[in-house]
Amino acid sequence: MWDTKIPRSHPRYESLMIREKLVEGFKRGIVVPEGLIAHGRGECFDYLIGEATQPFARKAIEAAAAALLLAKHPVISVNGNVAALVPREVVRLAEIVGAKIEVNLFYRTEVRARKIKEVLLGAGAEEVLGVDDATATIPELFSERRRVSPRGIAAADVVLVPLEDGDRTEALRRIGKFVITVDLNPISRTSLTANITIVDNIVRAMPALIKAAEEMKGKSEEEIRNILSSYNNSAVISAALTHIRERLSSLASSLLGR
Ligand code: ATP
Ligand code: MG
């Protein structure tokens, strides 16, 4: 099994473990081949940002915790990669902020949707929407991606949609949802369309979001509202791009100075 193959001392241990989890998820029918490719795109950006939660991501995480806590009807949308990488964290976050959990798949099959629901129930979820009850639709989206639960995304005011596709993010915004995403690519359409963009790896962002929400619960509603109202997503995405540029510039200079 995967935990015996990769020595802990390997410089890319964390990254390789994530890959193994996705491959395992693929073999179990939770992750689709396209999900593995999407992960590769994410990894590339993780390399560029330095494989750590940077200050711009911390700001977005704080604002996301605030938005989820203030929401009347928050929903966490789960796809195959999210279920393979952070199922327990999804359940924990949902508990803390009182969110519903909904399976929503770009490449939807009933078998895969059901398998993902099983993973989430196994991770401790009490209820998982979007599998047998995906009877509502998101206008202007085609195929199976339209289908959502009337008690979940259809009724939500705030939705957390990690590793989401641009079309769907745009459609969610058009129907008035407040969208929070986790996406390592700061210039994906999803990142540029969301209300709050956490540019970080989901495996780091979710535990950080849980911690932020736990800590924020002790604050007054006014303080939480202030955190959200002072948040500027364009500035955060801009800071992510500047971080990458500066990091590359200093790497480039250090090579010349050798
Ligand atoms: P968009 O449609 O928003 O322009 P895209 O077509 O590039 O994005 P999708 O496959 O639709 O990409 O969505 C997957 C997104 O998730 C990618 O932008 C990728 O960078 C990101 N991603 C993949 N793995 C992770 C991860 N582990 N943590 C955070 N983000 C990730
Ligand atoms: Mg896309």
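This is a predicted model: local features need pLDDT of at least 70, side-chain atom pairs count only at pLDDT 80 or more; totals for chains, interfaces and linings use all residues.
Q: Why is serine 149 called buried?
A: Its relative accessible area is 0%. Buried means under 20%, so serine 149 is buried. The residue lies in the loop between S4 and S5. Residues that touch serine 149 include Glu102, Leu129, Asp133 and Ala154.

Q: Is aspartate 165 buried or exposed, and how do you know that?
A: Aspartate 165 has 19% relative accessibility, and because the limit for buried is under 20%, it counts as buried. Aspartate 165 lies in the loop between S5 and H8. It touches Phe106, Arg145, Arg189 and Thr190, not counting residues up to four places away in sequence.

Q: How many residues apart in sequence are aspartate 165 and serine 188, and how far apart in space?
A: They are 23 residues apart in sequence, while their C-alpha atoms are 8.6 Å apart.

Q: What does the side chain of aspartate 165 reach at the start of H8?
A: One of its side-chain oxygens reaches to within 3.1 Å of the backbone nitrogen of aspartate 167. With the cut-off at 3.5 Å, this pair therefore counts as a polar contact.

Q: Which residues of helix H8 are buried, and what do they pack against?
A: In H8 (residues 166-174), the buried residues are Gly166, Arg168, Thr169, Ala171 and Leu172. They pack against strands S1, S4, S5 and S6 and against helix H9. Glycine 176, which follows H8, has a positive phi near 90 degrees.

Q: How does the reach of helix H3 compare with the span expected for its 17 residues?
A: H3 (residues 33-49) reaches 25 Å from its first C-alpha to its last, close to the expected 24 Å. Among its buried residues are His39, Phe45 and Ile49. The cover over the buried residues of H3 includes helices H2, H4, H5, H10 and H12. Just after H3, glycine 50 has a positive phi of about 100 degrees.

Q: Why does leucine 241 count as partly exposed?
A: Its relative accessibility is 38%. That value falls between the 20% and 50% limits, so leucine 241 is partly exposed. Leucine 241 lies in helix H12.

Q: Which residues form a nonpolar patch on the surface with leucine 241?
A: Ile187 and Leu192 form the patch with Leu241, and together the three have about 280 Å² of accessible area.

Key
Residues are numbered from 1 along each chain as its sequence is written. Chains are lettered from A and ligands numbered from 1 in the order in which they are written. Side-chain values use heavy atoms; hydrogens and water are left out. Buried means under 20% relative accessible area, exposed over 50%, partly exposed in between (1.4 Å probe, protein chains only). Helices (H or I, at least four residues) and strands (E, at least two) are DSSP runs, numbered from the N terminus. Contact means heavy atoms within 4.5 Å. A polar contact is a pair of N or O atoms within 3.5 Å; within protein, one must be able to donate a hydrogen and the other to accept it, and residues adjacent in sequence count only if both atoms are side-chain atoms. The expected span of a helix is 1.5 Å times one less than its number of residues. Patches are made of residues with over 30% relative accessible area and no salt bridge: like charges are joined within 9 Å, nonpolar side chains (Val, Leu, Ile, Met, Phe, Trp, Tyr) within 5 Å. Accessible areas come from the Shrake-Rupley method with a 1.4 Å probe; for residues, only the protein chains shown count as cover. A salt bridge is a side-chain nitrogen of Lys or Arg within 4 Å of a carboxyl oxygen of Asp or Glu.
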